[in-house]
Amino acid sequence: MSRLALVWFKRDLRVADHAPLLAAAHCDAAVGLYVLEDEWLNSPEWDPQHWAFARESLHALRADLAARGLPLLLRRGNLPQVLAELRREYPFTELLSHQETGPGWTYARDKRVGDWCRQAGVRWQEWPQFGVMRPLRNRDAWANAWDRFMARPRPATPECFPGAPTLAIGELPSLAQLQKPAARPTPAAGEAAAVRTLQDFLQLRSRQYLSSLSSPSLAERGCSRLSAYLAFGNISMARVVQNTQAQLRALRRESSPEAQSHARHLRGFLSRLHWHCHFIQKLEDEPAIEFHNFARIYDGLREDDWREDYFLAWCNGQTGYPLIDACMRSLRATGWLNFRMRAMLVSFASYHLWLHWRQTGLFLAQQFLDFEAGIHWSQMQMQSGTTGINTLRIYSPSKQMLDQDPKADFVRRWVPEWGSSAYPAPIVSEKLAAQQAKERIWARRRLPEARTEAQEVLRRHGSRKGGRERKRKTPSDNGQLTLFD
């Protein structure tokens, strides 16, 4: 019987290092498919910038695949209905895709697709996209498994595909055609742009990486700026890791102080790539952490104290704390912010304003072009103190401004009215609000049942190597992780 392949593209919009594409090249016929899902367009984390970036990526991908003889279809709707309709035109026998660890609606969708494939007699094969293990029985030696996954030979890129039937490829609709608002500006999208960004970082911009990543101004150029390309799959994590390691080997062959310094910065970057998958693994292992606290002892801690006026002031960059407001305004304009400033925004919302991480997390998900559910919800909880296992980090916005923007260049750029009567007074007392938050959190954390629950969270989600917990500090402890980059 002929093997007819359908390659389902999701957040893997590239041709290189793409195992489903390689498998499709060995079938009798192959077609690519991207589904613009109404569930995504209507989800609370969606923003017009996400489709703008995906659409540009799909234009580039469609051209790359067409040059290899593979049509990329675009269909709009929900799954598995789209698959059932397409199968009446093209009776595919193989559904090929990468695994996805995404928001809850994607988890439910994949379960529906699996049920449909079994009923329709379609063989669905999935390959890991990142160093996320499915299933994962426990966290022992996870780091070693990550290393092995990243070191594996990357799948070859097929040069041509077997013949496919003639099908309407479908239009990539604009935001106007979708009746959605215009998007804020986004960086160039697509695989070629991702590769250029990686090369530029490894060869030039990474020379000052460690000294740039915490500053909201310096990080704009000093960080890798690969996070959106990884989130949409314009480039694979394995390619980033392997290219970084190759650059490190080249620098080791040099003996100059400049090369040694450059290598130190790249080693710092490489160590942070591990954490990307470490946090996504948490959501893979426990999808419900998108909706409830890691440690349920913290249920009810903030839910009854919601202040809509605080939330709106925070969202609009009108809190009276200049660095907080500058970071929020910058994020809303550009869709990007370095990790330390992201952590500070969440810390301020969670502790000083005592806002729940779910509502603030949904707002931030819309602002981040590089929204990655596994990283996002794990970090929202870590920075708000509800994991039960991480050190409380209550960022002082005043101290962060002195440390990270001492000349107030970033603040003046984004909050030009700062220092005038047009700028609001602080909406809370920094010291008093922080002290009250500490007391509330520790009132729960000292309970015996909190300690018991923390042990279970650590067993299930803690980072370990060789059966023992890592000695390396966690991202919340060192405050330097460019997890969102």
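Colleague: Let's start with Ala-141: what is its relative accessibility, and how does it count?
Modeller: This is a predicted model, and in it Ala-141 has a relative accessibility of 26%, so it counts as partly exposed.

Colleague: And what is phi doing at Ala-141?
Modeller: Phi is positive there, about 65°, although Ala-141 is not a glycine. The residue sits in the loop between β5 and α6.

Colleague: What about Ala-408, what's its phi?
Modeller: Ala-408 has a positive phi too, near 60°, and is likewise a residue other than glycine. You'll find Ala-408 in the loop between α18 (397-404) and α19 (409-414).

Colleague: Is Ala-408 buried or exposed?
Modeller: Buried, because its relative accessibility is 4% and the cut-off for buried is under 20%.

Colleague: Changing topic: how many salt bridges turn up in the whole structure?
Modeller: A search of the whole structure gives 26. As background, side chains of opposite charge can pair when their charged atoms come close.

Colleague: Pick one for me. What does Lys-10 pair with?
Modeller: Lys-10 has a salt bridge to Glu-100, with the closest N and O atoms 4.0 Å apart. The two partners come from distant parts of the chain, 90 residues apart: Lys-10 is in the loop between β1 (4-9) and α1 (19-24), and Glu-100 is in the loop between β4 (94-98) and α5 (104-120).

Colleague: How accessible are Lys-10 and Glu-100?
Modeller: Lys-10 has 8% relative accessibility and so counts as buried. Glu-100 is at 14%, and therefore counts as buried as well.

Colleague: What about Asp-110 and Arg-109, how do their side chains meet?
Modeller: In a salt bridge, at 3.0 Å from N to O. Asp-110 and Arg-109 are both buried. Through shared partners, salt bridges join Lys-10, Glu-37, Glu-100, Arg-109 and Asp-110 into one network.

Colleague: Nice. And where do Glu-39 and Arg-112 come in?
Modeller: Their side chains form a salt bridge, 2.8 Å from N to O. Glu-39 is in helix α2 (residues 38-41) and Arg-112 is in helix α5, so this pair ties together parts 73 residues apart in sequence.

Colleague: Which accessibility class do Glu-39 and Arg-112 fall into?
Modeller: Glu-39 is partly exposed at 24% relative accessibility, and Arg-112 is partly exposed with a relative accessible area of 31%.

Colleague: Zooming out, how many helices and strands does the protein have?
Modeller: There are 22 helices and seven strands. Of its 485 residues, 60% count as buried.

Colleague: How does the radius of gyration compare with a compact globule?
Modeller: It agrees: the protein has 23 Å, and a compact globule with 485 residues would be near 23 Å. The C-alpha atoms fill a box of roughly 70 × 60 × 50 Å along the principal axes.

Colleague: Last one: how many charged side chains are there?
Modeller: There are 66 positive and 51 negative side chains, and the centres of the two sets lie 5 Å apart.

Terms used
Residues numbered from 1 in each chain as written. Predicted model: local features only at pLDDT ≥ 70, side-chain atom pairs only at ≥ 80, totals over all residues. Heavy atoms only, no water. Helix = DSSP H or I, 4+ residues; strand = E, 2+ residues; numbered from the N terminus. Rg over C-alpha atoms; globule rule 2.2 N^0.38 Å. Buried < 20%, exposed > 50% of the residue type's maximum accessible area, 1.4 Å probe, protein only. Lys, Arg positive; Asp, Glu negative; His and termini not counted. Charge placed at Lys NZ, Arg CZ, Asp CG, Glu CD.
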